[in-house]
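Hello,

Here is the structure I promised to pass on. My notes on it follow below.

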Amino acid sequence: MAKLRRLGLLSSCLLASADDQVVLQAPWFFDCSNHPEWSRFRERFAEFRKNFASAKGNEEEVIMEMQQILAEANDLGRRYEPTFVKYASDWSVFHLCTPERLVEVPEDLQLNFCFYGFATVQWLGLFGHQHFGNVPGMAEWAQNAWGFLNDASKFNAMHFLESSGWHVKMVEMAKALSAVFVGSSGYRVSRDAALPSALRMPQLVVRRSPVHTRFPDVRRLKAVAISYHTALLREPLSFWQHMLSHLFDVDATLHILDATAKSAEDVARLHNHCRFIGGSWCGTDERLLELNELFQEVVLDCHTGDHKARHHFLRSAREYHDRFVRLMGNDPELLSADFFMCGEPVLFCRLLAHFGQPVIGYISTPISVYVRAEDRSEWYQQFYEMALEERHIFAATTPLFAEWVAYGTGISLPVIRPMCTYTEATYWPKRAQEVLLLRTVSLFWDTECVLNYFARAHADSSATAPLRFRESASLSEKERMGYTAFAEFLAAVIYPYSPSQFWFYELYAMGVPIYMPSRDTLPLYVSQDYSVCPDFEGNRPGHAPHRVHPHSPFDTDDWAAMTYWAAFTDYLTLPHISHFDSVPSLLRQLQSADHQKISHSMQRAHMEHLGVAMSFWSQALELIASLRGIPRTVSGVEQVAGDLDASDEHRDLSTRQPSGGSPARPDGAHRLANDGQTRQDHPHEYHFDLDSANKVLSAATQVGGSHWWVKLRRTASDPEVKVWSRDCCTETYGHVLFFLLGNSSNIKAAAECASLKVPSNVEVSTICPGRGDYLFVEARPHAGFDYTDSSVAVLMLPEVRVLSRD
Ligand SMILES: *[C@@H]1O[C@H](CO)[C@@H](O)[C@H](O)[C@H]1NC(C)=O
């Protein structure tokens, strides 16, 4: 019976090497094929392990064979022990592998030093001891074996065990070594599951993370976003998700509006283009449609002639505001939001400010959009005031829009460019002969066709393969899924139709080289947009726009003004954009440019902008979280094992209750000992003020001790008291503290219930038998040991927690 049980143990150890997959012949100095005795033993041992792994029945036989192997191993080990000892630390071993150097290697070493054979024998010694411990001589062998193997493990000598042709694995060797080691020394390796029991020892500091390197916990913020422009909301929201999710979890509800939507069907259609945002974010509250009744369509002053631009204006900005408040003012979702987001029109930011919470406005239009000239001064003034209010955060997508705001209001806004992290694509020009042509609004020429015509001509004249231009709108449905296909083009050509297009930023973020019309002609392209019409001119009352900029951004008649303002577009401010003044010049550049290099430069510039955006948005959300009183809790590995006890919270009678006691130093108030913060360093502690105590008392009287008290949440019976001691200096009270229970803050009327040894930097706890409404912690002179000064006991108390036990 005893034998069978042993066999059970053996099988689990020996099965491990059964799936022998050695296919390459090991060198002779590993497998010792040059040595008949070692060779024979190696084969016998290998065979035994295989037999053992497949042995179904006869345990007796296996045990017998095992004993035979052990006997042989023991014999070999004894005989070659001197050789091993002699050569194990001989440098000559190093040269065994180099035929030319063998002349330097002693002959005896070459012939008789079988390192891995000897190691295998020692492993068997340990192994045999584990299972046949009562066989005479086994213990002695194991003891020696352990020493040899430890020596053999030095200098990485064991690294080739598994390639040596000997059927023992390194883990088996390591396990055998650690088993004996653990058994004889009481040492436990650190991987050992000793941690939980350590946690139960309250005074043991398990580990701590330096406070100054900890990350704050993720803070949850609830946002409601309303805009007529999807991309403006998607940009910051997706940025937060991609880049700041380790700090903030923003739960956002989106409402995408459209000035033309009149019905539920229109809303459904809008939902359809929400798909760009992805899933749950998109919603449109039908109540908001009512606001559209206030819009009226106006033909803009600029671009008269055949290309009249129409635009929506609000009949009255005030009515718009009031209607919104009437419709949504009591909406529970809006009332519970931590902050709001707006983009277009900027006026909507003012509507959302009604709720008194922070508003984030991301600006990519003139702020006058939708606002009639009559309402503009009032609105500009409101914007000015809002922007200066600490809780509201405005940023512009491009330098151009920031300058427009400065021009009209005198407010200077940060420029946070769209980072388009949602593209999740990077330049990978698989379509090496294809160039993406961004959809152009003008339909006069078939731009795609024209470019391809030139491309063919260029190819003919230069005897190269023609490039092919593909208009983004002509790509198949499948190609337009996601952004990957766009990142596969050699480059992109953009004939811009407005001062800021998200496509531009998306391509930039992906590192796709961008070609645009020449600097000189760009003003023509960007001035096509409705947003630069004189209809949007305006300024805050009392503000002189021309002192900020010499030209109006809305002056499309003056070439100097148009050129001046085009210089603020990112088409001209961002580096690494290529410009062309004719199609042949475009083709020549496309043919000769180093697009990989351009892309790398763009990606480097993008990284810098990413850094700016990271800082800006995390600071913005940080501000909102602090204004909303969402605490900045810092996570980290708890300092002290006892902190892990989550049940404290439910039994806590003392945290943030009224407290007092002996005089406190100005930097060591009483409340610091029960503020919930268990940090043990100064100034996170109550600190007795010895000097002021001395002043109060007459010179004849000794101060003696000092104490601290807390009024408990309710009467406590036999409570538990936990104390966190300071990280130093507990000798100032002789390393001992006394606990008392009382029914008033008068310590003289209180009854002592316990005392504890309290060295520095520990958490200790005790039960305090008795009943009372106040708990006292007292430091006494002469009562402890190793005082700094035994006639005075200076109490320092980082934290005390009184826990009910009833
Ligand atoms: C405090 O009052 C309770 C009765 O409410 C009494 O049982 C207890 O002994 C008193 N404690 C002290 C320390 O006097």
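**Around the ligand**

Leu-741, Gly-742, Asn-743, Ala-750, Ala-751, Gly-770, Arg-771 and Gly-772 surround the ligand, each with its C-beta atom, placed from the backbone, within 6 Å of it. Two elements give two or more residues to this shell: strand S18 (736–742) and strand S21 (771–779). By class, the shell has three nonpolar, four polar and one charged residue. Here Ala, Val, Leu, Ile, Met, Phe, Trp, Tyr, Cys and Pro count as nonpolar, Asp, Glu, Lys and Arg as charged, and the others, Gly among them, as polar.

Before you read on, please note that this is a predicted model: local features need pLDDT of at least 70, side-chain atom pairs count only at pLDDT 80 or more, and totals for chains, interfaces and linings use all residues. Residues are numbered from 1 along each chain as its sequence is written.

**A helix pair**

Helix H10 (residues 230–243) packs against helix H24 (residues 595–627) at an angle of about 95°, and their axes are 11 Å apart. Axes are lines fitted to C-alpha atoms over the stretch in contact, with angles from 0 to 180 degrees between N-to-C directions. H10 is therefore roughly perpendicular to H24, a term for angles of 65 to 115 degrees. Pro-236, Phe-239, Trp-240 and Met-243 of H10 meet Ala-613, Met-614 and Trp-617 of H24, where contact means C-beta atoms, placed from the backbone, within 7 Å. This contact has seven nonpolar, no polar and no charged residues.

**The whole protein**

There are 26 helices and 23 strands, taken as DSSP runs (H or I, at least four residues; E, at least two) numbered from the N terminus.

Best wishes

Conventions: Angles under 35 degrees count as roughly parallel, over 145 as roughly antiparallel, 65 to 115 as roughly perpendicular and the rest as oblique. Two residues are in contact if their C-beta atoms, placed from the backbone, lie within 7 Å.
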